[in-house]
Amino acid sequence: MSAGWLRATALLTMGLFSALALGKDKQPTAIVIGGGMSGLTAAYELQENGWQVTLLESKPSLGGRSGLATTEWIGSSRLQPTLHHYLDEFKLKTVDAPEYVRSTGYLIAGRYFSEEDLLKASPDVAEGLKRFDKSLDELAASVSDPLKPLASSTLRTLDSISVKRWLDKLALPPVARALVDQRIRSRYDEPSRLSLLYLAQQARVYRGLPDADMRASRLPGGSTVLAQAFASKLKMVKTDARVSAIVQEKDKATVKVGPTGYSADYVVLTVPLAALDKIAMTPALSPLQQRALKDINYGWRDQMLLKFKKPVWGKTRLSGEVYSDQGLGMLWVEPALKGGANLLINLSGDNARLMQAFGDKQFIDQVLIRFDRIYPGAREFFTGYELRRYGKDPQVGGSYLAYGPGEISLYWRMWEKPLGRVIFAGEHTDALYPGTLEGALRSGERAAEQAQKLVAGKTIEPAEEQVASGGPAPVVNQAKAGETAKKGFFSRWFN
Ligand SMILES: Cc1cc2nc3c(=O)[nH]c(=O)nc-3n(C[C@H](O)[C@H](O)[C@H](O)COP(=O)(O)OP(=O)(O)OC[C@H]3O[C@@H](n4cnc5c(N)ncnc54)[C@H](O)[C@@H]3O)c2cc1C
């Protein structure tokens with residue numbers, strides 16, 4: 001029996017229970033706040049289960065943070081099963097990625113290197129990168145269950161350490177270190193702002209899956225086409241509808257958009273934490289949740305599409321994931337449908353934060369100046385740009401969740417517990433795949449399932465390992481602490 005069929009049966013069964021609990025004639029109602037991937041998924045799943053759903057989105061269009069890419073890289077179905085489930089459901093075709101983009105590339109002092117080239121040309125850099133990968137794999141192996149990253153006092157200590165401190169101990173050759181820093185800030189955030197436990201937990205989630213699985217195929221049209229597919233199924237969507245308040249009463253919740261109030265049985269709240277901080281909640285969030293709104297770290301990743309008259313990079317393979325040692329983040333070539341040549345550049349971490357004060361045009365100029373140093377003539381053939389600056393957007397406040405030191409210990413799985421009639425979703429609420437489309441979609445499904453349970457009169461148990469209810473740190477049991485967490489693993493790094 002397929003997993004998809006089981007899932008559908010489970011959702012349908014819950015739908016029947018809820019209909020019974022409400023009485024035959026009462027159709028359950030929900031307001032979903034936020035038209036990003038998580039909100040679209042929650043709205044779609046609830047509607048499919050017989051709910052009357054209203055989706056409210058503050059911006060003029062749907063899709064939220066999903067990217068600028070016109071043909072987004074899609075991971076394999078092993079890596080992103082929920083994403084593939086919806087691509088299949090909406091019959092959206094992906095195109096297999098060419099083999100050469102599946103491995104990582106590097107721009108060192110302006111010269112392009114594949115992994116094989118690097119091994120020949122700079123064995124010390126290649127060895128440094130290999131040593132980093134091996135050490136990260138050891139760290140990952142010390143997390144036996146990525147849903148329980150706080151399972152031992154050793155792991156809890158990792159949460160208090162920054163990735164930077166760990167990298168300093170690794171003492172990689174400088175170029176290897178610059179490339180590793182760039183990889184980490186492109187995927188998460190600046191190593192100094194990142195919890196080592198978070199890096200280990202994320203590496204554990206993806207452990208054993210080849211890096212090539214990250215770019216198994218492309219989705220023509222980018223994730224926007226998926227957002228449109230969801231939206232085409234939804235009956236009630238309101239854009240330009242910014243929610244300012246949510247008031248919960250005994251038998252309903254009312255959501256305010258300007259002077260208008262919308263009432264429903266349940267609310268699914270999918271906005272990023274910076275936006276949540278601007279919504280007045282009655283009753284209020286718990287003090288710890290309020291602290292989390294200000295505290296939880298989001299990475300910084302600005303995305304720009306630079307357009308050129310011709311591929312100024314010549315025959316160099318600038319596709320897949322390419323990292324430079326000079327701060328230019330992950331970059332890849334995008335098809336230019338109207339002629340010319342397009343390059344997508346992600347500027348991440350403090351390299352992007354530093355540019356905060358710059359206007360859009362100055363920002364692009366700064367990147368072009370650097371790019372022109374690598375590919376002389378780039379400025380001459382430059383024709384235009386598109387830019388998304390998530391960090392500067394007060395409704396987002398960064399790219400996506402990237403736990404800073406100490407934050408997993410405080411806030412682990414905090415948002416999976418509903419607050420009365422309000423259920424939280426969004427990439428930041430997914431324990432395994434935060435910061436990804438997969439995480440956003442999973443959180444929408446989870447929120448829909450929780451709404452079904454609540455309407456059926458069931459209670460939602462707090463997620464296991466929620467720190468608020470967690471007891472004292474258990475004594476470290478090395479034998480159980482993961483397959484390769486050898487004795488002394490921790491003291492080797494931090495004494
Ligand atoms: C630069 C960048 C690159 C990325 N690259 C990848 C990638 O390659 N692969 C991958 O899998 N993931 C990637 N991601 C992550 C992925 O895009 C996100 O995880 C996902 O889009 C988040 O969806 P969401 O629904 O949780 O949040 P959002 O998309 O932010 O949706 C929340 C929505 O709520 C709306 N909103 C906010 N406040 C209010 C309000 N008060 N009232 C009403 N509506 C409101 C917002 O406008 C927004 O539309 C990337 C993200 C960024 C920023």
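**Exercise 1. Which residues do ring pairs link into a cluster with Phe308?**

Solution. Ring pairs join Phe308 with Trp313, Phe371, Tyr375 and Phe382 in a cluster, where rings of Phe, Tyr and Trp (its six-membered ring) pair if their centres lie within 6.5 Å, with planes under 30 degrees apart counted as stacked, over 60 as edge-to-face and the rest as tilted. The model is predicted, so that local features need pLDDT of at least 70 and side-chain atom pairs count only at pLDDT 80 or more, whereas totals for chains, interfaces and linings use all residues. Residues are numbered from 1 along each chain as its sequence is written, and side-chain values use heavy atoms, with hydrogens and water left out.

**Exercise 2. Classify the ring pairs that Phe230 forms with Tyr86 and with Phe90.**

Solution. The structure holds 17 aromatic pairs. For Tyr86 and Phe230, the centres are 5.1 Å apart with 55 degrees between the planes, and the pair is tilted. Tyr86 belongs to helix α3 (residues 81-89) and Phe230 to helix α10 (residues 223-233), so this pair links distant parts of the chain, 144 residues apart; helices (H or I, at least four residues) and strands (E, at least two) are DSSP runs, numbered from the N terminus. Turning to Phe90, its ring centre lies 5.0 Å from that of Phe230 and the planes stand at 75 degrees, so this pair is edge-to-face. Because Phe90 is in the loop between α3 and β4 (95-96) while Phe230 is in helix α10, the contact ties together parts that are 140 residues apart in sequence. As for accessibility, Tyr86 and Phe230 are both buried, and so is Phe90, where buried means under 20% relative accessible area, exposed over 50%, and partly exposed in between (1.4 Å probe, protein chains only).

**Exercise 3. Describe the salt bridge between Arg183 and Asp133, and state how accessible each partner is.**

Solution. A salt bridge is a side-chain nitrogen of Lys or Arg within 4 Å of a carboxyl oxygen of Asp or Glu, and the side chains of Arg183 and Asp133 meet in one at 2.8 Å, N to O. The pair links distant parts of the chain, with Arg183 in helix α8 (residues 174-187) and Asp133 in helix α5 (residues 123-141), 50 residues apart. Arg183, at 15% relative accessibility, counts as buried, whereas Asp133, at 35%, counts as partly exposed. The structure holds 22 salt bridges.

**Exercise 4. Which parts of the chain does the salt bridge of Lys294 and Asp277 tie together?**

Solution. The side chains of Lys294 and Asp277 meet at 2.7 Å, N to O. Lys294 lies in helix α12 (residues 287-295) and Asp277 in the loop between α11 (273-276) and β13 (280-282), so the bridge ties together parts that are 17 residues apart in sequence. Lys294 counts as exposed at 64% relative accessibility, while Asp277 counts as partly exposed at 33%.

**Exercise 5. How many residues of helix α9 are buried?**

Solution. Helix α9 (residues 196-205) is mostly covered, with nine of its 10 residues buried, among them Leu196, Tyr198, Gln201 and Val205.
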